[in-house]
Amino acid sequence: MKKTWQGWGPGEQAEQHYLVHPRGLAGGGDVRHISEFLRASGWRDHSKTGGPLAMESPDRTVRISYDPYVLPGGWTVHGAATGHGDEWSAHLGRQTPVEIVAGLTDALTRPRSAHAPNVWAPLQEQNWHTRFEGKHYTATSPDGTSWMQYHQGPKGEAMWWTGAKDSQGNGWTANFSPSTPMHLVQAFSAELANPDPVMRPRGRVPLSAQIRTWSVSVKPSQLSAWQQARITAARAATWARNSARTSRPRATPRPYTPSSGAQTRR
């Protein structure tokens with residue numbers, strides 16, 4: 001680690017990375033993209049050294065875990081029942097790109113929008129093909145590698161199923177329980193449909209005939225600055241929310257009553 005740090009500065013060496021498109025087939029990526037953002041947003045880190053990632057929201061209603069050591073492994077997000085909704089869960093495969101997972105996990109740190117959520121809107125904006133298949137409603141990316149599907153289970157419960165696969169069968173799937181808040185599913189679909197490529201270091205790019213890559217040279221200080229900007233944004237948003245909370249008046253002001261000497265005009 002010390003040798004790496006000594007190279008930073010004016011004479012630092014650029015490292016080869018690749019921009020990967022479509023992002024759905026870019027592979028899992030660096031888990032810290034998610035964990036450091038959550039930590040900066042005030043989440044508790046219950047992970048054990050060398051073990052799976054385990055994080056908990058400040059109000060203890062949501063838990064996020066990532067376990068690459070078991071099969072099939074991957075991400076589990078669990079929300080407890082609250083006064084606003086029922087218990088819910090989401091399961092995302094190990095190769096789900098962290099940038100897409102972050103659509104969901106970042107949204108957990110933000111206040112819910114007043115607008116009614118629409119899961120399909122981000123997909124339609126990117127020209128995904130939508131169609132009915134019996135009781136199912138499916139959206140497929142223009143290149144056919146990614147999909148989002150809504151279907152009803154045997155008891156009429158709504159299920160969300162999504163994922164990405166190349167022609168060799170490499171990829172991932174994810175599903176959301178019927179009670180998953182719709183604004184979270186929409187935040188996920190927005191990152192799934194995001195047309196921007198994602199970056200992976202050399203040696204971390206999946207072998208697939210259906211991805212395109214562009215080689216880029218990146219200095220370690222640039223990578224660090226990009227990561228720090230994301231963390232700084234999380235801290236700033238958390239500080240702003242906490243400040244707004246603490247600055248609210250706690251006591252309800254007493255209703256105005258005229259003094260005893262005041263006369264009421266008739």
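Biologist: In this predicted model, what makes Arg 63 count as buried, partly exposed or exposed?

Modeller: The relative accessibility of Arg 63 is 49%, and since buried means under 20% and exposed means over 50%, a value of 49% falls in between, so Arg 63 counts as partly exposed.

Biologist: And why is Glu 56 called buried?

Modeller: Glu 56 has a relative accessible area of 5%, which is under the 20% limit, and therefore Glu 56 is called buried.

Biologist: How do you know that the side chains of Glu 56 and Arg 63 meet in a salt bridge?

Modeller: The N to O distance for Glu 56 and Arg 63 is 3.1 Å, and because the definition asks for a side-chain nitrogen of Lys or Arg within 4 Å of a carboxyl oxygen of Asp or Glu, this pair qualifies. In general, side chains of opposite charge can pair when their charged atoms come close.

Biologist: Where does Glu 56 stand in relation to Arg 63?

Modeller: Glu 56 stands opposite Arg 63, which is in S4.

Biologist: What makes strand S3 and strand S4 a pair?

Modeller: There are 4 bridges joining strand S3 (residues 53-56) to strand S4 (residues 62-67), and the two run antiparallel; because pairing needs at least two bridges, these strands count as paired. Both belong to an open sheet of 10 strands, in the order S2-S3-S4-S5-S6-S11-S10-S9-S8-S7.

Biologist: Why are strand S2 and strand S7 called edge strands?

Modeller: Strand S2 (44-45) and strand S7 (129-133) each pair on one side only, and they are the edge strands of the sheet.

Biologist: Which helix lies across S2, S3 and S4?

Modeller: Helix H2 (residues 32-40) lies across these three and also across strand S5 (74-79), running at about 30 degrees to S3.

Biologist: How confident is the predictor in the chain, and where is pLDDT under 50?

Modeller: The mean pLDDT is 87, and 88% of the residues reach 70 or more. Over residues 1-8, however, the pLDDT is below 50, and it also stays under 50 over residues 253-266, a stretch with 0 contacts beyond four places in sequence.

Technical notes
Residues numbered from 1 in each chain as written. Predicted model: local features only at pLDDT ≥ 70, side-chain atom pairs only at ≥ 80, totals over all residues. Heavy atoms only, no water. Contact = heavy atoms within 4.5 Å. Axes fitted to C-alpha atoms, helices over the stretch in contact; angles between N-to-C directions. Buried < 20%, exposed > 50% of the residue type's maximum accessible area, 1.4 Å probe, protein only. pLDDT = per-residue confidence, 0-100.
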